[in-house]
Amino acid sequence: MNSISFPLSPFHPFTTTAAFQAATAIAPAVIASPAFAADSIIQAMPTTSLALEVQFGAYLAVLLGTFFPCLFLVNLYIQTES
């Protein structure tokens, strides 16, 4: 039975052990390197005044999204009872 060896595999006769060891040493170093983080998480957070700002459209969307379905259901109930 013939075995197939790929040119980039470590079992290929032309692949040197030094090249294979160098390639396997780089992979954990890349995985273990830390990501570039912000200087401080506190600086990245929004301020208190910005976090508490709510636009008028949000209030309107909540009120209309609550009242219109309720009015529709009340109207539907009244029509079915009469």
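A: Happy to! A residue is called buried here when its relative accessible area is under 20%. By that cut-off, buried residues account for 2% of the 82 residues in the protein chain. Please keep in mind that this is a predicted model. The protein chain exposes about 8000 Å², with 72% of that area supplied by carbon and sulfur atoms.

Now to the patch itself. Val54, Phe56, Tyr59, Leu60, Leu63, Leu64, Phe67, Phe68 and Leu71 make up this nonpolar surface patch, and together they have about 960 Å² of accessible area. One of them, Tyr59, belongs to helix 4, which covers residues 56–81.

How far does the predictor trust each region? Confidence is highest in helix 4, at a mean pLDDT of 95, and lowest in helix 1 (residues 17–32), at 65. Over the protein chain, the mean pLDDT is 73, and 39% of the residues reach 70 or more.

Methods. Residues are numbered from 1 along each chain as its sequence is written. This is a predicted model: local features need pLDDT of at least 70, side-chain atom pairs count only at pLDDT 80 or more; totals for chains, interfaces and linings use all residues. Side-chain values use heavy atoms; hydrogens and water are left out. Patches are made of residues with over 30% relative accessible area and no salt bridge: like charges are joined within 9 Å, nonpolar side chains (Val, Leu, Ile, Met, Phe, Trp, Tyr) within 5 Å. Accessible areas come from the Shrake-Rupley method with a 1.4 Å probe; for residues, only the protein chains shown count as cover. A salt bridge is a side-chain nitrogen of Lys or Arg within 4 Å of a carboxyl oxygen of Asp or Glu. Helices (H or I, at least four residues) and strands (E, at least two) are DSSP runs, numbered from the N terminus. Buried means under 20% relative accessible area, exposed over 50%, partly exposed in between (1.4 Å probe, protein chains only). pLDDT is the predictor's confidence in each residue, from 0 to 100.
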